Structure formats: C-alpha cells, structure tokens
Amino acid sequence: MEPPAGALTVSITTDKPAYAVGEAVRITFTINRAAYVYIWDIQPDGKVTLIFPNFYDQQNFFPAGTHTIPTPGKPYRLTVAPPLGTEWLQILASTQPVAALSGFSPGDPFPLLGSDPEGWGVQVLGLVPEPTQRAFDFTSFEIVATPPPGFGTLIVRSSPSGPKLYVDGIFRGYTLRTVNLLPGFHDVPVRKTGYQDYTARVHLVAGGTRTLEPTLIPTAPANQPPVAQFNYTPAAPTVGTTVTFNGTASYDPDGSVVAYAWDLNGDGIVDRSGPVVTWIYPAAGAYNATLYVTDNQGATGQTTQTVFGSPVGIPGQPPMTVPGIYVWGTDTWRITVNGVFTWITPRAYRIELRTDGQFVNESTDAGPVPLGLVFEGNVTSGRITHSFQVRNATSISMDLRLDMDGDGTPDRSVGFVRLQQYGVNPPTNPFVVGSPEGFTGALVPSLNFRIGTALSYREFVRIVFWQTTIGALEGM
Ligand SMILES: [Ca+2]
Ligand SMILES: [Ca+2]
Ligand SMILES: [Ca+2]
C-alpha cells in the first residue's frame, strides 16, 4: 500500500550498508510530524529484538524531523553481532504510545519480542491502539566477517514523489529515499501505478553520493475509437432522385474524425468519401448504407442504416412503410400489395372484386394477367399494383387476402388493409365501398365513399349494411 497523502510517514536508514562484527550502527529516521517511535531488529536467524526504546534510551517521543539512534549523549552503542547475513530494521511511528513495546529492564535492556518475524509483523498491528495514525518503514544492512569496503550513498528524488523504489530487485521503500549501498553497479527501478517504469543503472564509489531525479511519464490512455453517425434526405427516397447523406454528426471522444468512407448500396465496396455525399438509387429496393469513419490515430467506427428506395410514385399514393394491401387512388381505383425487405420467400395474395356495374380499364403492373375480377399473385420485398375503374356502379365488394404470416396460406384480416392516403383500416374484410348517398356520378376513390359490410353480394341479391365513410374513418 502506498502511504495516503497527508498521513504520518516515517523512513529509516543506517549509516552504512554493511558492518563487520563488532562495528557500531548508527540509525537515522525521519518523521513528518510528532510521534512515538519504536525500532526493532530482525536478525538473520529470525530473532526479533526491540532495540529502541531501550533501558538506556527511553524517551521515544520525537518532534517532526530527522533524528539519530543512539540518541546523542546516551551511554551505549548498538554493535553488530553474529550471525552473519542480512539484518533488517523495522520502525513504527505512532501518534499514540504502544504499551506492549516497552518491556525493557536493567536485566533485559533490549527485550526479545519473538522469533517469527512474519508473525510479529502481524502481531504488532494489533498492539497499536485504534484510532491512531501509524506508519512503518524498514531498512537492511549486511553483517560481514571482515571490515567492509566502505559504501556509497544513493538519493532518489522523483517527480511525482511516492513511487516504489527497488535496488537490485529488492523493495527499498518509497521515494524520496536515501539508501547506502556497497560500491559497484546497482539497478534502480522506480515504479508507480499510472506511470511508465523508470530504470537506471548507477555506479557508486566508496564515499560518493549519487542523486537520481527521475520524472515519471504518465501512461498514455488507450485511444478510443470514433463513433459513426449519419442521416440522409429525403427520408423516403424514390428511385432516380438524389439522396444526400450527411455524416458530420460522427465524432471521436478523444480526438477527431479524419476520414469518411461510404458504401451506399451494401455491396461492400466504398462508393464515396467525405462527410457529406450524394447517391442515386437506380432501382427500387432496400439498401444497406454504411458509413466508416477513421480517427486521427487510425481507429475506425461504422454504422449502417437500411435505406428504402421506393418506386416513383403516382400522385395521391400513400406512404407504404409496412406490408399490407393498400386501396387508394383519385379517379382510378388502385390496389397495391406491398411486401417488405424482411420477406425472403414470396407471399401469396388474392384480391377478389365484385361490383353492381362493370369493371373497365383493368390493368396490372406486374404478375399474372387478371383472371376476371380476381387478381392472384405473390409478393416478396417489392410491391404490385392493380388498377381499375367501374362504370354504372354504386358499389364494389372487396375481399383482400395476403399471407402475412408466411405459412403459405393467404390470410384475411382488417389489420393489413389500408385505405387511401392515411391508411385507415376498414371495419371488416371483406367490405364494400359505395357512392355517397344520393350521388349518381362515377364511383371513384376521390369521393367520400361509404364503407359497409355485405350481408349478401351476389348478382341479383345485394344487401349492404353501410357503417361509415372514408372521411369519418380519417377523422375529418
Ligand atoms: Ca480516438
Ligand atoms: Ca458500394
Ligand atoms: Ca397465412
């Protein structure tokens, strides 16, 4: 754990990195605010001994600053004893005294705390009263048989402060940090989360001091991809007209969009480039238009919309955005069977018409030749329109069937039948359209025609129950 900003901090070091048996050790520590200080020693054989406070040096409350142990003027020395190896010093600074760490006496000036360093580290946490502020640090030195060859001093002062400092693979605390090291080469990595690792190799000479002042470089955040967005006008384009595609709503959350590429007919081949482009659909159908955008660091994004290219319309033709059978027209009755692009297989339909007059000018723009007054055929993603007029007629019976659910059988409901410009549903299917009451002219779709249900609609017996008018259905 890295020390939180503003918390109590402590650091410890020894005056040399290595000592011969019998040499005196001088300990230096620094605290950033007044605190009680405890130092214990972990020998190479694992024994843990309290070395400060001790019987000879009992005052362990210090003001903020740097202090040395033994306290100057105190009548004792800390001398190095066997066994040889690495000896560790741990320091605890606490804003409250720790009663359990004061068991020294004339006969036991440096009491043994335990012989399990790892267990002791856990135990000491439980000894510190809560709530309190506390801080730990440690350092190590080598105990050697013969006098060591002097040492050099390494100071690591990083920006920002607080990264972990390692020397030759061993964690040595947090910068700012001063460590005493044997002469020679040392590898010094400095690591902090969110920053690139810094590593230096330094050469120390006995009696010399080297200072490293690395500035850590923040890790660059990963590039975020751009977001593609576009719209097009007109919203319901017809075959042969110019459609304008606008991709300027695309954006990059951490940069800028630098390239736009368009596949406007869904064939996988880019057709246009630039933020605003135009295209003309030559044939009716549903087209997948895809915009690909590239940001300033090379990342890409894309989005696809399906554009319906509609056949060129006839004046008065209603919008046909959903599948169904549309009955419409002005001076000519038109019945359009409209499919949808999601229909993969042909859907059968059957239109059966009767009138009390005569059908004239029957035509169809696709599919089979009209069979009398019945139009039959199939529709998939396109649409087929049948047209006719009537003469000497006051009514027309319409029975409209379309295989909406794709099970192979034409269905008959009012839901898919849509009348005139607003696509209102008739009250029944089959249904009858008829001249307005008292009207004697030609029965054409532009009239406010009546709509009803036939109880019987045979050649000589026609009984129609009139229910409404197209104007009433449209709410006018
Ligand atoms: Ca980006
Ligand atoms: Ca294309
Ligand atoms: Ca069906």
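Residues are counted from 1 along each chain as its sequence is written, while chains are lettered from A and ligands numbered from 1 in the order in which they are written. Because the model is predicted, local features need pLDDT of at least 70 and side-chain atom pairs count only at pLDDT 80 or more, whereas totals for chains, interfaces and linings use all residues.

Let's begin with the sheet ordered β1-β3-β7, an open arrangement of 3 strands with antiparallel pairing. Strands here are DSSP runs (E, at least two residues), numbered from the N terminus, and two of them pair if DSSP finds at least two bridges between them. At the edges you will find β1 (10-14) and β7 (65-69); each has a single partner strand, so one side of each is left without a neighbour in the sheet. From one strand to the next the twist averages 20°, an angle between N-to-C directions on a scale from 0 to 180 degrees, with axes fitted to C-alpha atoms. Now look at β3, residues 27-31, which joins β7 through 5 bridges in the antiparallel sense. There, T30 lies opposite T66 of β7.

Strands of a sheet pair through backbone hydrogen bonds, either parallel or antiparallel. The next sheet is of mixed pairing: its 3 strands form an open sheet in the order β14-β11-β17. Its edge strands, β14 (177-181) and β17 (209-212), each pair on one side only, and the twist averages 20° from one strand to the next. Strand β11 (residues 152-156) runs antiparallel to β14, and 5 bridges join them. To find your place on this pair, look for I155, which stands opposite T178 in β14.

Note on methods. Helix = DSSP H or I, 4+ residues; strand = E, 2+ residues; numbered from the N terminus.
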